[in-house]
Amino acid sequence: MSPEDIFVGIQKLEIVYIQLTKERENPQLIFESLNSTGLDLTQADLIRNYLLMGQAYSVQEDLYNRYWIKLEQMLPDIIISDFIRDYLTLKTGNIPNKDNVYSAFKNYYCAVVNDTIENFLDELTQYGEYYSWFKYANGPDDKINFRLLQLQKLKSTIVYPFLLEMFEKYYKLHIIDLGTLCQTIDVILSYVMRRLICEMPTNALNKVFASMSKDISKLTVDSLPDQVAYVLSQKKGKVIFPNDEMIKNKLLTRDAYKFPHIKYILEQIERKQGKEIVEFEDMTIEHIMPQALTAKWKIDLGKKADEIHEKYLHCIGNLTLTGYNSELSNSNFDEKKELLIKSNIYMNKMISEKNNWGEKEILERCSWMAKEIIQIWKCPDILSANQDKVDNRIEFDIMDEVNVTGRTPVDIEICGGVIPVDSWKAFFQTICEQMYDYDAQIFRGLVKHNDFKGRNRRIIAITDEEMRRPCKLAEGVYIELNLSANDALNYSKLVVGNFNGMEDECSYRLKPNY
């Protein structure tokens, strides 16, 4: 073994102080149980050791059997570490680094906890039970479990610190009732799902829910769901609550087929129809207009067949659920109708009533599905009241959410420098040029980045092959300028987002809305 190996091994050692008693062997057994596998101690192991080892043996054994063992039975060891991280986030308003949970816990316990260790462990175990309900949706209320399952499907663990407090208010303190808790979770579900639909980053939400308790404590509104809705409705930029118009616009343009939650969304739309009980487990997503156009499909779609196919293939309006995907495949629309009409899926029966399937039908269905979605994941009343107001602002941060269709950019400000632009193509080109000059190596990494794959052709690529309006930034770096106003802005945001710190250094101005 080399000296370097020995040094690394010493760095991994944990010093554990064990209070010796007449039963001096037993504390050692407790320690051995922490590290009997020879693996590195987890953050939860270290916290358990910190809380118990300073006590007399009889106290250690009692506390372990009455509290910590219950925590271990409810949550696997690695999840205990996640739980304590979220517990600390709730208690302190700060989010500990995953590798520093033990250190953050010691700081919190030494500085804040003035109660007995027994009372503290009792509280920790209670919160641990709530956390197990989050993970397994096995709490005492079916209505809550139903909502927890939805949070699981959306992989939305960022809301857990705030939910811990809400569960404490309902299950132990009885400050809120079941209906209030359900309505509050519904607001959160809508916020998370709408942001997923609009392809907004989830990592930006950690601080939103870490500070939620503090934010709602400042409000005079009585209803908890209204308090949460108000706080979320005031968020701007990267953490905005998407309104109905944003959902409608996004569903028209995004690649829904590759959206990880598209099957769940289609299932929820179908459930809302309430026509028949359907088993969704074995169903798959089917393109109505197929992924490969046959000669018959090209004839039916007309002169713009390729353009329609490129634009709407993966649009949500062209997707449905079926149990016989392979049978449908590239069949022409009349043949597909014969199968769809026999389906017990209400959405499919609606499709089978159409005489043709093309751009008009896809857009009509997309519009219908958007209406269903905004009813399932509702927009808070306070946001609905303001969403129809015309946004007459002319100055925006680069990450602000704004519909720029029909509006013209005037200039871009980057790190204090102002660059005039007169179109959205010039806007995107300028952003790319400036970011390339800022760090060419980072920008070159975008030529293979999935964010710039585009719906049917790359937006940033090594060559200009298949680009409609290419612009060469440098050797082996091309950008596509044939973009709508909103696409040009959104791709600009994605570019800037790859340069650490630049999101706060970029802003732009538009011509006024008259």
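Let's start with a term: a residue is buried when its relative accessible area is under 20%. Keep that cut-off in mind. This is a predicted model.

Cysteines first. Cys-432 has a relative accessibility of 0%, so Cys-432 counts as buried. Cys-198 is buried too, at 10%.

Now, disulfides. A disulfide is a covalent bond between the sulfur atoms of two cysteines. How many disulfides does a search of the whole structure find? The count is 0. Take Cys-432 as a case. The closest cysteine sulfur to the sulfur of Cys-432 sits in Cys-471, 8.2 Å away. A disulfide needs the two sulfurs within 2.5 Å, so 8.2 Å is too far for a bond.

Next, two helices. Helix 10 covers residues 178-197, and helix 13 covers residues 224-233. Their axes are 8 Å apart, and they pack at an angle of about 20 degrees. That makes the two helices roughly parallel. The crossing is right-handed. Which residues make the contact? On helix 10, they include Thr-180, Val-187, Ile-188 and Tyr-191. On helix 13, they include Leu-224, Val-228 and Leu-232. By class, this contact has 8 nonpolar residues, 3 polar ones and no charged ones.

Last stop: Leu-90. Leu-90 is part of helix 5, residues 77-92. Is Leu-90 buried or exposed? The relative accessible area is 17%, so Leu-90 is buried. Set aside its neighbours within four places in sequence, and Leu-90 contacts Tyr-127, Pro-161, Leu-164, Glu-165 and Ser-213. Met-212 and Leu-90 are 122 residues apart along the chain, yet their C-alpha atoms are separated by 9.2 Å.

How values were computed:
Residues are numbered from 1 along each chain as its sequence is written. This is a predicted model: local features need pLDDT of at least 70, side-chain atom pairs count only at pLDDT 80 or more; totals for chains, interfaces and linings use all residues. Side-chain values use heavy atoms; hydrogens and water are left out. Buried means under 20% relative accessible area, exposed over 50%, partly exposed in between (1.4 Å probe, protein chains only). Axes are lines fitted to C-alpha atoms, for helices over the stretch in contact, and angles run from 0 to 180 degrees between N-to-C directions. Helices (H or I, at least four residues) and strands (E, at least two) are DSSP runs, numbered from the N terminus. Angles under 35 degrees count as roughly parallel, over 145 as roughly antiparallel, 65 to 115 as roughly perpendicular and the rest as oblique. A crossing is left-handed if the near helix is turned anticlockwise from the far one by less than a right angle, and right-handed if clockwise. Contact means heavy atoms within 4.5 Å. Ala, Val, Leu, Ile, Met, Phe, Trp, Tyr, Cys and Pro count as nonpolar, Asp, Glu, Lys and Arg as charged, and the others, Gly among them, as polar.
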